[in-house]
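Welcome! Please take a moment to look over the sequence and the fold shown here, and then we will walk along the backbone together.

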Amino acid sequence: MSTLSYDATGAARQAIEKHIDGLVEDRIATRIFAKDHTLWGPDAESESAVRLGWVEAAAVSQPLVDGILELGDALRAEGITRIVLCGMGGSSLAPEVIAGTAGVELTVLDSTDPEQVGAAVADRLAETAIVVSSKSGSTLETDSQRRIFEQAFTEAGIDAKSRIIIVTDPGSPLDKASREAGYRAVFNADPNVGGRYSALTAFGLVPCGLAGVDIQAFLDEAEEAAEILNEDAADNIGLALGIALGGTAPLRNKIVIAEDGSGIVGFADWAEQLIAESTGKLGTGVLPVVAGPNAPEVSGGADDVLVVRLVGEDSDVELGENEVAIAGGLATQMLVWEFATAVAGRLLGINPFDQPDVEAAKVAARGLLDARPEPTPAAFVDGSVEVRGGAWLGDAATVGEAVQALLGELGATGYLSVQAYLDRITHAPLEGVRDQLAAVGGRPVTFGWGPRFLHSTGQFHKGGPAIGAFLQVTAASATDLAIPERPFTFGELIAAQASGDAQVLEGHGRPVLRLHLTDRAAGVAQLQDVVAALAGQASALES
């Protein structure tokens with residue numbers, strides 16, 4: 001197993017010193033691995049009783065390996081060299097990290113943006129098989145992606161059934177329908193594992209194994225990590241990390257997760273969902289902030305921020321005040337962070353296994369798809385951007401002024417959430433505005449691609465403390481795609497998802513600035529220029 005180590009300073013170290021003996025005395029580690037569903041209080045017992053399968057997932061998943069590898073060999077023998085994963089949230093984030101870290105190609109389609117979907121369908125279709133992953137079996141985005149790929153295969157003269165592999169819970173609607181349809185393979189995951197804890201189950205293993213990842217070694221490493229975590233000892237790193245996440249006093253509820261030489265690709269994006277969706281409820285929780293080691297939040301010294309650095313095993317990174325460094329291999333880290341999140345949930349007094357506020361945005365989106373209301377008139381138009389917002393916009397007449405007005409809504413403990421409902425492959429450079437906005441606003445900034453963040457940080461936005469401000473970016477598409485046998489297109493679906501989420505956020509009293517780009521390329525460039533100008537002005541004032 002890779003070497004697992006950690007260090008902590010400031011508030012994190014103080015919290016660990018305060019809580020570690022009590023957690024050891026209460027046998028929290030061994031009780032978690034014994035699946036003690038009483039650890040999170042009476043209100044959580046019914047949910048936690050059926051959500052603790054992740055503690056033994058590495059062992060339980062071992063029988064899947066041979067079948068996955070055999071199918072992968074058969075696909076390659078047929079000339080199928082490209083695997084596309086159609087999934088959302090827990091079904092897509094872990095596989096993306098696992099494959100990326102292994103240096104293996106895996107196309108992750110976790111979007112309803114018509115341009116991103118269209119590009120995925122058009123790329124090397126003859127060499128492609130798809131993995132459709134949905135725990136519930138009823139995920140709207142995933143169903144839509146499956147439909148368009150199935151149509152594309154058929155229109156290209158390819159036997160669609162031979163190219164579709166399903167991962168779902170046993171007995172789900174997708175499980176039954178897929179077996180009746182005669183798809184290439186159906187893999188069932190452990191139903192006692194929630195989506196965001198499912199990295200070591202069929203949801204993580206099937207797409208990665210088919211793509212070429214050494215999933216046997218991955219599971220072996222995780223089994224060794226489980227043995228280390230299953231100890232009631234003061235040096236249990238999982239307990240220490242859990243305390244750092246949820247036990248500081250006062251609570252440092254912005255956790256900046258900075259990649260700093262770990263060699264793990266995209267780990268923070270996976271941990272973001274795990275932590276935000278698990279803890280962001282009942283008006284509390286901790287918000288992960290995915291950033292680089294030199295981001296403004298890292299050096300800002302804010303009282304509500306804790307920095308966690310993901311470092312290499314031989315790292316000699318010198319920690320600043322109120323920082324944590326943790327090193328370990330990917331499978332080890334994944335199990336450690338799942339365990340730590342469960343520990344943090346106990347310290348926060350919440351149920352880390354439910355997501356009560358995620359459904360609200362889905363319901364609102366479906367309602368908008370059914371009603372098809374006319375868009376709310378723009379407050380004003382600036383270049384290629386239609387601007388919509390609340391009374392807090394005041395006299396703003398440009399995009400820059402609107403962004404400044406939104407930042408003005410941030411309190412001393414607030415955060416800004418940037419939500420871009422765009423093709424995240426084509427427009428990846430837009431993420432650069434995150435650091436700039438953090439510098440301008442002086443507060444933590446998260447950046448999420450819509451609609452995938454709805455299955456991730458969306459829970460914290462609505463269920464966590466009411467301290468967020470939201471910058472939503474949507475765009476017109478030059479091309480739209482019909483969804484086979486559905487009365488709406490991908491363009492209409494993603495527009496409804498954006499509008500539905502904004503509606504729910506505004507219903508919670510959160511300020512939402514909606515920027516709709518009437519021309520994608522021009523609008524993205526305009527927004528980047530506006531934010532760069534604001535950052536330049538802020539820098540000039542500081543100097």
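Predicted model: local features only at pLDDT ≥ 70, side-chain atom pairs only at ≥ 80, totals over all residues.

Our walk begins with Arg124, which sits in the loop that joins α7 (114-122) to β4 (128-134). Look at its backbone: phi is positive, about 50°, although Arg124 is not a glycine. Is this residue buried or exposed, or something in between? Its relative accessibility is 32%. Because partly exposed covers the range between under 20% (buried) and over 50% (exposed), Arg124 counts as partly exposed.

Next, let us move on to a peptide bond. Between α12 (237-246) and β7 (254-260) there is a loop, and Pro250 is found in it. The bond that leads from Ala249 into Pro250 is cis, and its omega is near -5°.

Arg372 belongs to the loop between α16 (358-371) and β11 (380-382). What is the phi of Arg372? It is near 50°, a positive value in a residue other than glycine.

Our last stop is a proline. You can find Pro451 in the loop that runs between β14 (445-449) and α19 (458-463). Here the peptide bond from Gly450 to Pro451 is cis, with omega near 0°.

To look back over the walk: Arg124 has a positive phi, and Arg372 has a positive phi too. The bond from Ala249 to Pro250 is cis, and the bond from Gly450 to Pro451 is cis as well.

Notes. Residues numbered from 1 in each chain as written. Heavy atoms only, no water. Helix = DSSP H or I, 4+ residues; strand = E, 2+ residues; numbered from the N terminus. Buried < 20%, exposed > 50% of the residue type's maximum accessible area, 1.4 Å probe, protein only.
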